[in-house]
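Subject: Structure for you to look at

Dear colleague,

Here is the structure I promised to pass on, and I would be glad if you could read the notes below with it open beside you.

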Amino acid sequence: MKAEFIVSDMTCNHCVQTITRAVQTAAPGARVQVDLDARRVSVEAAVEAAALQAAIAEEGYDVRLA
Ligand SMILES: [Cu+2]
């Protein structure tokens, strides 16, 4: 499954690390690609997009499907 998210308050590499870790905890083995300038997170994982979105939101980020 592939999912694209916009994380509007992802502003620095610390955010990128936090979000990447949250996604990989929710979906072990997930492939995560981040475009910090576009505030975009692309994930390939065997987990539903809603679960990934919830994992990112739980870290305090404003996340929506792209
Ligand atoms: Cu940050």
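The notes below go from the overall fold to one helix, the core and a hairpin.

Please keep in mind that this is a predicted model, in which local features need pLDDT of at least 70 and side-chain atom pairs count only at pLDDT 80 or more, while totals for chains, interfaces and linings use all residues. Residues are numbered from 1 along each chain as its sequence is written.

The protein has two helices and four strands, arranged along the sequence as β-α-β-β-α-β; helices (H or I, at least four residues) and strands (E, at least two) are DSSP runs, numbered from the N terminus. Its radius of gyration is 10 Å, close to the 11 Å given by the globule rule for 66 residues, so the protein is as compact as a globular protein of that length (the radius is taken over C-alpha atoms, and the rule is 2.2 Å times the number of residues to the power 0.38).

Helix α1 covers residues 13–26, and its end C-alpha atoms are 20 Å apart, in agreement with the 20 Å that its 14 residues should span at 1.5 Å a residue (the expected span being 1.5 Å times one less than the number of residues). Within α1, Ile19, Ala22 and Val23 are buried, where buried means that 20 or more other C-beta atoms lie within 10 Å of the residue's own, exposed means 12 or fewer, and partly exposed lies in between, with C-beta atoms placed from the backbone. Seen down the helix axis, the buried residues of α1 fall within an arc of 95 degrees, so they line one face (the arc is that of the directions from the axis to the C-beta atoms). The face turned away from that buried side carries the exposed residues Asn13, His14, Gln17 and Thr25.

The largest nonpolar core has 17 residues, of which Val7, Ile19, Val23, Leu52 and Ile56 touch the most other members; such a core is a set of buried Ala, Val, Leu, Ile, Met, Phe, Trp, Tyr and Cys residues joined through C-beta atoms within 7 Å. The elements giving two or more residues to this core are β1, α1, β3 and α2.

Finally, strand β2 (residues 31–35) runs antiparallel to strand β3 (residues 40–44), and five bridges join them (strands pair if DSSP finds at least two bridges between them). Val32 stands opposite Val43 in β3. The two strands, β2 and β3, form a hairpin with four residues between them, and Arg39 in the turn has a positive phi of about 60 degrees.

With best wishes
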